[in-house]
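Colleague: I would like to learn how to read a structure one feature at a time, beginning with the open spaces and going on to the helices and strands. Could you take me through it slowly?

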Amino acid sequence: MAAAMASQGERAVLEEEFKWLLQEEVHAVLRQLQDILKEASHRFALPTSDSGGTVKQENFVLSTSGTDQVKGVLTLQGDALCQADVNLKMPRNNQFLHFAFREDKQWKLQQIQDARNHVNQAIYLLTNRDVNYQFKTGLEVLKLMDAVMLQLSRARNRLTTPATLTLPEIASSGLTKMFTPVLPPDILVNFYINLNKLCLTVYQLHVLQPSTMKNFKPAGGSVLHNPGAMFEFGSQRYEVSHVHKVECVVPWLNDALVFFTVSLQLCQQLKDKISVFSNYWNYRPY
């Protein structure tokens, strides 16, 4: 009898703790997540206080260790490259090529745009309920955390996992038509985000002669193609002779990645607390 009473008493305490968790702590965590993710969202927009809400421009100097083959300055405005000014030293004759974006062109960085959209969707999931709403079950909270974590994981993955592209895809992208003077046919360029860095890859090509055609093997998709990669574009076959990668750190992308990590940890901690209660009694949030 005493054991049964103790068990009932323990169950009552646990039920009160779980009730407090649903009514108080869950909402506190949701508010904390909202604050963190709104900060993350603001990093992507970067409005200035005196510009009426327009997005400020930031200049970044491209560099890499061990080579001065490519130098340049990129101007980033939110999720768009609004200017790129690049100097390329040709290895054959040490001649310098200079090319820059046309004044009427901008290059959208889809990775940043997608990451921002996922952050905003996570914020919507956290705020899409009445201010007085009360969660009734652990399952409800777990489903919400799973949905938020999915959006945050997708946002983080868009910044940490650049798209794999084939060389013909790079050659046919609109990026090749954005420069003045026009890029020579033996030069390809690609911009992408990798973690907190904005990267530029320049490929120098040479035309494959008919005598080498028997060894032709087109390269597949990759984030970064190596010298020796072959591809066909138009009626011509090419081989990559030199690859130059330069990059610059974008501080607010680093901030965003930290916010994603902290938010994912908060979501997982709340899920763990909810799940603990299912180990004590037959209440099953799943």
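Modeller: Let us begin with the second largest pocket, which holds about 240 Å³ of space in this predicted model.

Colleague: How does one see where empty space is left?

Modeller: The general idea is to roll a probe the size of a water molecule over the atoms, which shows where empty space is left. Here, the second largest pocket is lined by residues including Q23, E24, H27, L30, R31 and Q34, together with L126, T127, R129, D130, V131 and Y133.

Colleague: Which elements give two or more residues to the lining of the second largest pocket?

Modeller: These elements are helix 1, residues 2–45, and helix 2, and helix 1 gives the most, with six residues. By class, the lining of the second largest pocket divides into four nonpolar, four polar and four charged residues.

Colleague: How much space lies in the largest pocket, and which residues are the closest to its centre?

Modeller: The largest pocket holds about 280 Å³ of space. It has 17 lining residues, and the closest to the centre are W107, A163, L165, N190 and F191. The elements that give two or more residues to this lining are strand 5 (107–108), helix 2, helix 4 (167–172) and strand 7 (187–194), and the largest share, four residues, comes from strand 7. When the lining of the largest pocket is sorted by class, 10 residues are nonpolar, four are polar and three are charged.

Colleague: Helix 2 gives residues to the linings of both pockets, and I would like to know how to read a helix such as this.

Modeller: An α-helix has 3.6 residues a turn, so residues three or four places apart point the same way. Helix 2 covers residues 110–127, which makes 18 residues, and reaches 26 Å from its first C-alpha to its last, close to the 26 Å expected at 1.5 Å a residue.

Colleague: Which residues are buried in helix 3?

Modeller: In helix 3 the buried residues are G138, V141, L142, L144, M145, V148, M149, Q151, L152, A155 and L159. This helix runs over residues 138–160, and its 23 residues reach 32 Å from the first C-alpha to the last, close to the 33 Å expected at 1.5 Å a residue.

Colleague: Is K143 buried or exposed?

Modeller: K143, which has its place in helix 3, counts as exposed because its relative accessible area is 56%, and the cut-off for exposed is over 50%. The C-alpha atom of K143 is separated by 9.4 Å from that of K271, although the two residues are 128 residues apart along the chain.

Colleague: Now for the strands: how do the strands of a sheet pair?

Modeller: Strands of a sheet pair through backbone hydrogen bonds, either parallel or antiparallel. Strand 1 (residues 58–62) and strand 2 (residues 70–77) run antiparallel and are joined by five bridges, with V61 standing opposite V73 in strand 2. Strand 2 also pairs with strand 3 (residues 80–89) in the antiparallel sense, over eight bridges, and there K71 stands opposite N87 in strand 3. Strand 2 and strand 3 form a hairpin with two residues between them, and G78 in the turn has a positive phi of about 70°.

Colleague: In what order do the four strands of the open sheet lie?

Modeller: The order is 7-8-10-9, and the pairing is antiparallel. Strand 7 and strand 9 (230–233) are the edge strands, each of which pairs on one side only, and the twist averages 40° from one strand to the next.

Colleague: How many bridges pair strand 8 with strand 10, and how many pair strand 9 with strand 10?

Modeller: Strand 8 (residues 197–207) pairs with strand 10 over 11 bridges, and the bridge partner of C199 in strand 10 is E247. Strand 9 pairs with strand 10 (residues 236–249) over four bridges; M230 stands opposite E239, and E232 stands opposite R237. Strand 9 and strand 10 form a hairpin with two residues between the strands, in which G234 takes a positive phi near 65°.

Conventions
Residues numbered from 1 in each chain as written. Predicted model: local features only at pLDDT ≥ 70, side-chain atom pairs only at ≥ 80, totals over all residues. Heavy atoms only, no water. Expected span 1.5 Å × (residues − 1). 1 Å grid on protein atoms, 1.4 Å probe; cavity = no way out; pocket = protein on both sides within 12 Å on 5 of 7 lines; lining within 4 Å. Points joined across faces, edges and corners; volume = space filled by probe spheres on them. Nonpolar A, V, L, I, M, F, W, Y, C, P; charged D, E, K, R; others polar. Pairing = 2+ DSSP bridges. Axes fitted to C-alpha atoms, helices over the stretch in contact; angles between N-to-C directions. Buried < 20%, exposed > 50% of the residue type's maximum accessible area, 1.4 Å probe, protein only.
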